[in-house]
Amino acid sequence: MEVIIMKELLEGNEKLAEENRKYFADRHILAVNLMGAPGAGKTTLISAIAKELKDIPVGVIEGDIASSIDAENLEKQGIHSSQINTCGECHLDSRVIRDGADQIDMRNAIVFVENVGNLICPAEFDLGEHVRLLAASVPEGDDKPFKYVPMFSYADAVVLTKSDLKEAVGFDRENFIKGLHAVSQAPVFDVSLKKGTEPAGISAVADYLKKKYEELYKA
Ligand SMILES: Nc1nc2c(ncn2[C@@H]2O[C@H](COP(=O)(O)OP(=O)(O)O)[C@@H](O)[C@H]2O)c(=O)[nH]1
Ligand SMILES: [Mg+2]
């Protein structure tokens, strides 16, 4: 796999984001910027959504500071993926998204951008996406919407991942929702994708994205 290297912090990110939006529209692509902390379950989520979305192909532009582990794993599952290495930068920018999209070269598809894992920098960079999805995992704690306001207010929808761990870690969902509602009205999807168990809650996320896709391209 040829890994795309992100070389410099972007000037004119907004302009390139608009160009990406046009590029995606020309190809009938719904672009989803998936953000979240390292280990929140982003790659697991993409793979489960791809299985659920049987009639819409899914592609992935993977962003990591180093390695191509996620893209290689997704490719093994038959999910077309490209890998960007940001070389230490804590977010992706619009220019590399275009390179990643060219590499997977898809049409009539939902393309996820798995952003670099953290709850801070990605909320400052428009990539030309249509949907901003935040994976917030239960073990991170129910207080995170109070602490990471820019990220939680940036997201169009929140996937509460690792819901199977609620009891084990004493997660107070009401407090989480209180924090979220103070800054956002984004819908919340509770999902559990624990290895070796039946997936729970994933069809609602897939339906949400399918509806967004159809609103854009099948109206
Ligand atoms: N218990 C549990 N573990 C999960 C769930 N989703 C993901 N994981 C595990 O969490 C770890 C990190 O997942 P990954 O998808 O790589 O996270 P990423 O770094 O955000 O892409 C892996 O060991 C996954 O198997 C879940 O719903 N429940
Ligand atoms: Mg990942």
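This is a predicted model: local features need pLDDT of at least 70, side-chain atom pairs count only at pLDDT 80 or more; totals for chains, interfaces and linings use all residues.

Colleague: Which residues of α9 are buried?

Modeller: They are Val 205, Ala 206, Leu 209 and Tyr 213. These four cover an arc of only 95 degrees around the axis, which puts them on the same side of α9.

Colleague: Why would residues spaced like that point the same way?

Modeller: An α-helix has 3.6 residues a turn, so residues three or four places apart point the same way.

Colleague: And what is exposed on the other side of α9?

Modeller: Lys 211, Glu 214 and Glu 215 are exposed there.

Colleague: Let us turn to α1. Which of its residues are buried, and which are exposed?

Modeller: Leu 16, Ala 17, Asn 20 and Phe 24 are buried in α1. They cover an arc of only 105 degrees around the axis, which puts them on the same side of α1. On the other side, Glu 14, Lys 15, Lys 22 and Asp 26 are exposed.

Colleague: What do the buried residues of α1 pack against?

Modeller: They pack against β2 and α4 (94-104).

Colleague: What follows α1?

Modeller: α1 is followed by His 28, whose phi is positive, near 55 degrees.

Colleague: Where else is phi positive in a residue other than glycine?

Modeller: Cys 87 has a phi near 55 degrees and is found in the loop between β4 and α4. Asp 105 has a positive phi of about 50 degrees and lies in the loop between α4 and β5.

Colleague: Are those two buried or exposed?

Modeller: Cys 87 is exposed, with 11 other C-beta atoms within 10 Å. Asp 105 counts as exposed too, with 10 C-beta neighbours inside 10 Å.

Colleague: Now to the strands. How many residues of β3 are buried?

Modeller: Seven of the seven residues of β3 (residues 58-64) are buried, so the strand is largely enclosed by the rest of the structure. Val 58, Val 60, Glu 62 and Asp 64 point one way, while Gly 59, Ile 61 and Gly 63 point the other way.

Colleague: Which strands is β3 joined to?

Modeller: Five bridges join β3 to β5, and these two run parallel. Ile 61 has Val 113 as its bridge partner in β5. Six bridges join β3 to β4 (residues 80-85), and these also run parallel. The bridge partner of Glu 62 in β4 is Gln 83.

Colleague: Finally, what surrounds ligand 1?

Modeller: 17 residues surround ligand 1, and the closest are Gly 41, Lys 42, Thr 43, Thr 44 and Lys 194. The shell divides into four nonpolar, eight polar and five charged residues. Helix α2 (residues 42-52) supplies the largest share of the shell, three residues.

Methods. Residues are numbered from 1 along each chain as its sequence is written. Chains are lettered from A and ligands numbered from 1 in the order in which they are written. A residue is near a molecule or strand if its C-beta atom, placed from the backbone, lies within 6 Å of it. Ala, Val, Leu, Ile, Met, Phe, Trp, Tyr, Cys and Pro count as nonpolar, Asp, Glu, Lys and Arg as charged, and the others, Gly among them, as polar. A residue is buried if 20 or more other C-beta atoms lie within 10 Å of its own, exposed if 12 or fewer, and partly exposed in between; C-beta atoms are placed from the backbone. The arc is that of the directions from the helix axis to the C-beta atoms. Two strands pair if DSSP finds at least two bridges between them. Two residues are in contact if their C-beta atoms, placed from the backbone, lie within 7 Å.
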